[in-house]
Amino acid sequence: MRKDSVATQKELRGIPVYSDIVIGKAHLVDRSRTKILYQCFVNGEQLSREVERFEEALRSVEAQFVSLKNKMPDTVKDQAFILDSHLMILKDSMLRDSTIHKILGEKINAEWALKKTLEEIRGIFEQIDDDYISKRISDVENVTERLLRTLSGDSSHSLSRINQRVIIVAHDLSPADTTELNTAKVMGFITDVGGRTSHTAIMAQALEIPAVVGLERATALVQEGDLLIVDGGSGVVVINPEDSDIILYQERKLRLQKYKSSIARMSHLPAETPDGHRIAITANIEFLEEVTAAKDYGGEGIGLYRTEFLYLRGKGFPEEEELFEDYREVVEIMRPAPVSIRTLDLGGDKFASQIAISEENNPALGLRAIRFCLREPEIFKTQLRAILRASAFGSLRLMFPMISGLQELLEAKAILDEVRDDLDRRDIPYDNAMEVGIMVEIPSAVAMADILAQNVDFFSIGTNDLIQYALAIDRVNEHVAYMYQPFHPAILRMIQQVVAAARNAGIQVSLCGEMAGDPLCISILLGIGLDGLSMNARAIPLIKKMIRSIPMEQARLDLAKIMLLNTAKEVRTYILQQTRKIFPELEEKGYLLN
Ligand code: PEP
Ligand code: MG
């Protein structure tokens, strides 16, 4: 709700996601129980529209309960009274009348009014001195929850309805919510939870939405309509800034834009060190629409196409034809440059509503990625067929995510062979020589890298997950974000071990986690000797510029010293010093904060 009192300036610090600065009005979305609850003031004829929406939702939920009751198996028919009591609540005037009264009286939308009514009813129930009756509040909550969900359609519906220039403030946004944001309107977003390598953060980068996550108390401190400065480069959020701060950040934004355009001019030069070592710099993409940006920013190919977003966007799983068309287009636009397409990595912090894996207690350790695909071979085969068919149209490589050991790899390859045989039988063309690789992102795969290397054509190191699993910290949990340490000596040793295994087996090895696009990591990754780095397209110009300024000999010397250090802090201090010396301008631009 808008504050009447004089707004006071507050500053919050969170985890920076995308380096740009925006200044705008806050718009709160509440997803405390229902995924997203859209709260807004309405007036004029919109008021009667809100009442209509609410009445429609009442009718729709009534139909849902009746249908549920009719479909109840005989074995549980005696529980039908629960649905009867839900139906009674639905028809109760307390819920209906009070909500409509609030819509009209307080000029607010239906979801918000309903939530307020629930709070009111909760208050009444709490005063009833009868244990049984007071516990019935859970029935009211269930009914309200269903009404809220119906009102909001799905989360995307409510988010896509936002049509003002605002900065979204939410407790959390899922990667799918993020894809639904109207990027023409939404200037940026800030969330209480989340880490730098969460898929929500990755989506924000892909969509070029300035964002800060992991602020912990943003939704508690920011109010609807507050003026916000969001600095997605430093992770600073200023609530109700003074005029002097607004001027300061506007100037900073201008300088940042100038700097970005100056380095973008050189982004088509190769990433070659002054002493002649060349590294392949490719882009990570999540959607077909990003391919052009990947090329514009100087990407020499697509090093990681995360394919799950087509599965998150729609209502059902995509058909083979839809996947094929999408993959073919990516490959054709990039041709002759290579595209590494990753098979489905659903689960973890990426859920599709059609599958039930979101109920797991530890989704990051659950039925994710290749495990899900091996469990659901038909879904897997559909995607593999689409990938193989697209391989006939350019230079396509396939990689399996989350491989934990040889057995899993062999099973995945056997399914790929089955699909190849099937295409052969039907005379459908595909690239016979398509390279097959794996993401190395689970510590057990690092330990087995020598064996795995003999069974694949290439490795791509996924440090986002490797850090999560090696250091046992949830990459989306802001409370342990401080422990998410790319410079941890254990991580550096693991990367070295994987590169050594690849060298021995004579296969290519690249790295596609967020480390690849982090200016502070570049010298280390150069020294370790990776063949390629794949990153968020917008990071490419700066990373190329840096590689063109660091002699390989220097990177190797630095690495030798770094590998003698025992803590992430020591490594970071050392690397920060070196980077400041060569690139003094990066600090002021907010690039050296991670
Ligand atoms: C990784 O884990 O480093 C990676 C690149 O994949 P994702 O971020 O999609 O899990
Ligand atoms: Mg991963």
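Tutor: Happy to. Let's begin with a definition: helices (H or I, at least four residues) and strands (E, at least two) are DSSP runs, numbered from the N terminus. In helix α17, D422 and R425 are 3 residues apart, so about one helical turn separates them. The two form a salt bridge (a side-chain nitrogen of Lys or Arg within 4 Å of a carboxyl oxygen of Asp or Glu), with their closest N and O atoms 3.9 Å apart. D422 counts as buried at 18% relative accessibility, while R425 counts as exposed at 65%; buried means under 20% relative accessible area, exposed over 50%, and partly exposed in between (1.4 Å probe, protein chains only).

A word on conventions: this is a predicted model, where local features need pLDDT of at least 70 and side-chain atom pairs count only at pLDDT 80 or more, though totals for chains, interfaces and linings use all residues. Residues are numbered from 1 along each chain as its sequence is written, chains are lettered from A and ligands numbered from 1 in the order in which they are written, and side-chain values use heavy atoms, leaving out hydrogens and water.

Helix α17 (residues 406-425) also holds E418, whose partner K381 lies in helix α16 (residues 377-391), 37 residues apart, so this pair links distant parts of the chain. The closest N and O atoms of K381 and E418 are 2.9 Å apart. K381 is buried at 16% relative accessibility, and E418 is partly exposed at 42%.

In total, the structure holds 32 salt bridges.
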